[in-house]
Amino acid sequence: MPEKQTEERTNSKIPSQARVVIIGGGVIGCSTAYHLAKLGWKEIVLLERAQLTAGTTWHAAGLVEAGGFFDATSVEMAKYTLDLYSSLEKETGLATGYKDVGMINLATSPDRLEELRRVAAFDRHFGVAMEEITPNQIKEIWPLAYTDDILAGFYTPSDGRVNPIDVTMALARGARMGGVQIFEETTVTDITKEDQRVSAIITDKGEIQAEYVVNCAGMWAHQIGKLAGVNIPLQPTEHYYLITESIEGINPKLPVLVDLDKYAYYREEVGGVLFGLFEPVAAPWALDGIPKNFTFGEINPDWDRMMPYIEEAMQRIPALENAGIHKFFCGPESFTPDLGPMMGLVPELDNFYVAAGFNSLGILMGGGAGKVMAQWIVDGVPDVDVTEIDIARMLPYQNTPTYLKDRAVELLGLIFEDGYPNKHFKTARNVRKSAFHNRLVEAGAYFGEYAGWEYPDWFAPKGVEPKVEYSWGRQNWFEYSAAEHHATRENVTMLDYSVMGKILVQGRDVEKYLNRICANNVAVPVGKVVYTQWCNETGTIEADLTVTRLAEDQFLILTGDGTMTAVLAWLRRHIPADAHAFVTNISSAYSVLNIQGPKSREFLSSITHTDLSNEAFPFLTMQEIDIGYALVKAIRVTYVGELGWELYIPTEFSLHVFDTLVKSGADFGLKHIGLQALNTLRLEKAYRDYGGDIDNTDTPLEAGLGYFVDFDKPGGFIGREALLKLKESGYRYRMPQFLLEDPEPMLYYGEIIYRDSVPVGYIMAGGYGHTLGASVGVGPVENEGETVSVDYIKSGSYEIDIAGVRYPAKVSLRPLYDPKLLRVRC
């Protein structure tokens, strides 16, 4: 067992009740307790099955960094963590071992250089000093490093290292100073529930009635989740580092060195080098369950499996090859299926939160994660973008043992691999296939993955293998997708859109409660389609979807399948249990084909007996139409800015309808398209994407969706009062569309927006506008804390920073393509 600072322990009997019970005494649990106490909450109890840090916290390498992250939430959490760890000793009297030795990320390939330049520009926008340095400068800082193959380094002086145990003990003392009670050697054995809430935590030391529960149990979080009937997909995986004996020339002031292309990081350790590995083919651990008494535990290292990675990593510091080995350590770390942490209120219960699955970054994120969790619990609404960390994104199939085992193999290495914007997981694929999958394979589809679905991303021409050659420029499929884009603008195309989640809500009380949930008015005639947002009481967006009235007492909700769990939970929480309203997930009942383009009416009219004229079938309406032998729900709606219909086909008729469309489509030049084309088409129209360019921190008004908010409808809606106040006080930002003047550069995400040479925001989503002739993107524009008017947006001169180079851009608050909707409503 490692040495740790002496810290007082709570030995009294556990209380019979508490406001908050936190399960798990690692860095995340102690940080959550600390921050809840800082917000003034009392009656907080933390339970630890063994001793504080005894799970995975104790053996962490202790790296802390704010540089190197490419999303706002991660940067802000990591930045805050650094600041907290540097000040904890002064507050608590316990040292954290914090050393701001700095960190250098190495670029050894042109693509890695491009990526790190993009990341560095993004991080600097958030106040992180991540600067590019030359190979010669790296050699001066790290004389023992081999630098001949290095193109550049990215140096963040404020980054560094801490002692994980000391940090956790300091957080625990700070929590105790705020009144938190911590009980070690206390095992949770059961969880009791009543009416969608946890009522009590059962332990081997007694029972605690709880108002809130926070599962911070690390790799045991999956097991605790089972006790509560909650889906928490986590898989422990082997994680290695090697510590050498003392090496001449190694000193404690050396920055941490990160070689992403060798899947390794290096830091000083007692005069030697500790180097850790994120090997591209990892080994899942404890497939039959974590050993019962695994405390401060180690795993017997697999030298044979790891030796090739060790030898490769040693090449960066040649002195390692002749150094003595002090310790080759293997310990478990828990990983999530998509490499995002799992945080927040679980969808199954109304008072059970989770903060687990930090994918070996628990120390690095610990301070910020605790702060986010505490604020989320106290206020009920998170104040950061949680679309990539909210546990509600997880789906039940991801918690199966076979899926977790298969996916875990690639997770460790992916943390260090190039982060191309269109990169997909390779393992645990072909989980969910639409009825059209084999037809699309024959048509040359390259498939991506979303919520487990295999979806067509783009189509290769006949005789060309559908395979991606990754880069940050125009990839090998660029022209294929461009052809799909142009076909949609000029002719007619078909997209497999079965990834849409479908929810049937029926009952005599549905209109009343659904209209309260929706910001737009869904008290509409049968057959009408309504685009709307769902807001919380603060006016920020919880969901972005359409609602179609099928009958007086029936509504169809359509949303991305990755948001289904959250949407269903929101419905459950906001429709009373005794209401005459019944919610059913019918996603598997229908396949979806999306027919779009100026010739879509002519094409569909050739195979249906339904009148598709503008007068008989207006925009944003739904009718049942015949195609061949099938009756399908046709919804006249678009996400590409053209005339078109989405066809919702009963699953058993799917292939019949598909084949009928393809056969008849030959006379019209019908072309398959994928979601890459869908994305570039919708970006030209500045259509929003929840989880992409808008998230839970946005309001409909500031995101440019005010047209879809009905302030005057009877009964109002959730968030109305907050949005009215926002209208009076002025917008904090607006979200215009940007078009580069240079046709060559590529926009993806995170590129910094400059207005009159001042950074004012960053691109939330970008792609190539094949019709507009250059890259197009959307992103918020702020005004240094002041309100943002229309004149402010229009009066500025704009540039977009792409990997450190600024490119002039046009700006518009109206869609640059068909701003009057003439093509959509024709």
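Ala451 is buried, at a relative accessible area of 15%, where buried means under 20% relative accessible area, exposed over 50% and partly exposed in between (1.4 Å probe, protein chains only). Ala451 also has a positive phi of about 55 degrees, although it is not a glycine. The structure is a predicted model, in which local features need pLDDT of at least 70 and side-chain atom pairs count only at pLDDT 80 or more, while totals for chains, interfaces and linings use all residues. Residues are numbered from 1 along each chain as its sequence is written, and side-chain values use heavy atoms, with hydrogens and water left out.

**Positive phi values in loops**

- Ala451 lies in the loop between β20 (445–450) and β21; helices (H or I, at least four residues) and strands (E, at least two) are DSSP runs, numbered from the N terminus.
- Ser360, a residue other than glycine, has a positive phi near 75 degrees.
- The loop that holds Ser360 runs between β18 (352–356) and α8 (362–379).

**Salt bridges**

- The whole structure contains 38 salt bridges, each defined as a side-chain nitrogen of Lys or Arg within 4 Å of a carboxyl oxygen of Asp or Glu.
- Glu268 and Arg161 form a salt bridge whose closest N and O atoms are 2.9 Å apart. This pair links distant parts of the chain, with Glu268 in strand β14 (residues 264–269) and Arg161 in strand β7 (residues 160–161), 107 residues apart.
- Glu268 is buried, with a relative accessible area of 5%, and Arg161 also counts as buried, at 9% relative accessibility.
- Between Arg429 and Glu454, the closest N and O atoms of the salt bridge are 2.7 Å apart. Distant parts of the chain are linked here too: Arg429 is in the loop between α9 (401–414) and β19 (432–433), and Glu454 is in strand β21 (residues 453–459), 25 residues apart.
- Glu454 is buried, at a relative accessible area of 5%.
- Arg682 forms a salt bridge with Asp689, with 4.0 Å between the closest N and O atoms. Arg682 counts as buried at 2% relative accessibility, whereas Asp689 counts as partly exposed at 29%.
- A network of salt bridges links Arg112, Glu115, Asp261 and Asp418.

**The six-stranded sheet**

- An open sheet of 6 strands with mixed pairing has the order β29-β30-β31-β28-β22-β32; two strands pair if DSSP finds at least two bridges between them.
- The edges are taken by β29 (622–627) and β32 (671–672), each with a single partner strand, so one side of each is left without a neighbour in the sheet.
- Strand β22 (residues 493–496) and β32 run parallel and are joined by 2 bridges.
- Opposite Met494 stands His672 in β32.

- Strand β24 (residues 529–535) is mostly covered, 7 of its 7 residues being buried.
- Val529, Tyr531, Gln533 and Cys535 point one way from β24, while Val530, Thr532 and Trp534 point the other way, and all are buried.
- β24 is joined by 7 bridges to strand β25 (residues 541–551), and the two run antiparallel. Gln533 has Asp544 as its bridge partner in β25.
- The hairpin formed by β24 and β25 has 5 residues between the strands, and Gly539 in the turn has a positive phi of about 90 degrees.

**Strand β38 and its partners**

- Strand β38 (residues 774–778) is largely enclosed by the rest of the structure, because 5 of its 5 residues are buried.
- Strand β34 (residues 737–740) runs antiparallel to β38 and is joined to it by 3 bridges, and Phe738 has Gly777 as its bridge partner in β38.
- Strand β37 (residues 765–769) pairs with β38 in the antiparallel sense over 5 bridges; the bridge partner of Tyr768 in β38 is Ser775.
- β37 and β38 form a hairpin with 4 residues between them, and Gly773 in the turn has a positive phi of about 90 degrees.

**Packing of α12 and α13**

- Helix α12 (residues 510–517) and helix α13 (residues 564–574) pack at an angle of about 115 degrees, with their axes 10 Å apart. Axes are lines fitted to C-alpha atoms, for helices over the stretch in contact, and angles run from 0 to 180 degrees between N-to-C directions.
- The contact (heavy atoms within 4.5 Å) is made by Tyr513, Leu514 and Ile517 of α12 and by Trp570, Leu571 and His574 of α13.
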